[in-house]
Amino acid sequence: QVQLVESGGGLVQAGGSLRLSCAASGRTFSRYRMGWFRQAPGKEREFVAAVRWSGGSTYYADFVQGRFTISKDNAKNTVYLQMNSLKPEDTAVYYCAAQVVNGTPYDVWGQGTQVTVSS
C-alpha cells in the first residue's frame with residue numbers, strides 16, 4: 001500500500017514562506033504526476049500545482065502568480081511546495097496527491113497539512 005505523508009505546514013505571518021514536503025512510502029508505484037491541492041474552510045478543494053514525475057514539467061494555478069514553486073526529488077520519493085509571499089487567503093489544508101495514469105483522477109492522497117497565514 002502506498003502512503004503519502006505531508007509535512008511542513010504551520011503558522012506564518014503574511015509575506016512569509018513555508019516549504020511543504022510530501023514523502024511517498026510503501027510499495028513502489030509508478031506515477032504520472034504529483035500534485036498539491038488545498039481546501040479552505042467552507043470552500044471546495046482546489047488545484048495548486050503539479051509536476052510530472054518523469055521529465056519534471058510543472059503546472060500551476062493562476063492564483064499562485066509566481067509565488068509557489070513545486071519540485072521533486074525522485075531519489076527521495078518526495079515532492080515539495082515552496083510557498084513565498086504568503087497571503088491570509090492562502091490559509092488552508094494542503095494535500096499531496098498522486099496521479100498514477102495521465103487523464104485519470106488523482107487517486108492516492110495524503111492526510112493534509114494545515115497552513116495558516118496571519119495578517
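Visitor: Which residue forms a salt bridge with Glu 46?
Guide: A salt bridge here is a side-chain nitrogen of Lys or Arg within 4 Å of a carboxyl oxygen of Asp or Glu. Please keep in mind that this is a predicted model, where local features need pLDDT of at least 70 and side-chain atom pairs count only at pLDDT 80 or more, while totals for chains, interfaces and linings use all residues. Residues are numbered from 1 along each chain as its sequence is written, and side-chain values use heavy atoms, with hydrogens and water left out. The closest N and O atoms are 2.7 Å apart, and the partner of Glu 46 is Arg 38.

Visitor: Is Arg 38 buried or exposed?
Guide: Buried means under 20% relative accessible area, exposed over 50%, and partly exposed in between (1.4 Å probe, protein chains only). Glu 46 has 32% relative accessibility, so Glu 46 counts as partly exposed. Arg 38 has a relative accessible area of 7%, so Arg 38 is buried.

Visitor: Which residues are linked with Arg 38 in a network of salt bridges?
Guide: Arg 38 also meets the side chain of Asp 90 in a salt bridge, 2.9 Å from N to O. That pair links distant parts of the chain, 52 residues apart: Asp 90 is in the loop between strand E8 (78-83) and strand E9 (92-99), and Arg 38 is in strand E4 (residues 33-39); strands (E, at least two residues) are DSSP runs, numbered from the N terminus. Asp 90 in turn forms a salt bridge with Arg 67, with closest N and O atoms 2.7 Å apart. The network therefore joins Arg 38 to Glu 46, Arg 67 and Asp 90.

Visitor: How many residues does the largest nonpolar core have?
Guide: In general, nonpolar side chains tend to be buried together in soluble globular proteins. A nonpolar core is a set of buried Ala, Val, Leu, Ile, Met, Phe, Trp, Tyr and Cys residues joined through side-chain atoms within 4.5 Å. Met 34, Trp 36, Leu 81, Met 83 and Tyr 94 have the most contacts inside the largest one, whose count is 30 residues.

Visitor: Are the rings of Phe 37 and Tyr 106 stacked or edge-to-face?
Guide: Rings of Phe, Tyr and Trp (its six-membered ring) pair if their centres lie within 6.5 Å; planes under 30 degrees apart count as stacked, over 60 as edge-to-face and the rest as tilted. By this rule there are 4 aromatic pairs. The centres of Phe 37 and Tyr 106 are 4.9 Å apart and their planes stand at 80°, so the pair is edge-to-face.

Visitor: Which residue's charged end sits over the ring of Trp 109?
Guide: Trp 109 is linked by ring pairs into a cluster with Phe 37, Phe 47 and Tyr 106. A charge sits over a ring if NZ of Lys or CZ of Arg is within 6 Å of the ring centre and within 35 degrees of the ring normal. At 3.8 Å from the centre of the Trp 109 ring, the charged end is that of Arg 45.

How values were computed. Helices (H or I, at least four residues) and strands (E, at least two) are DSSP runs, numbered from the N terminus.
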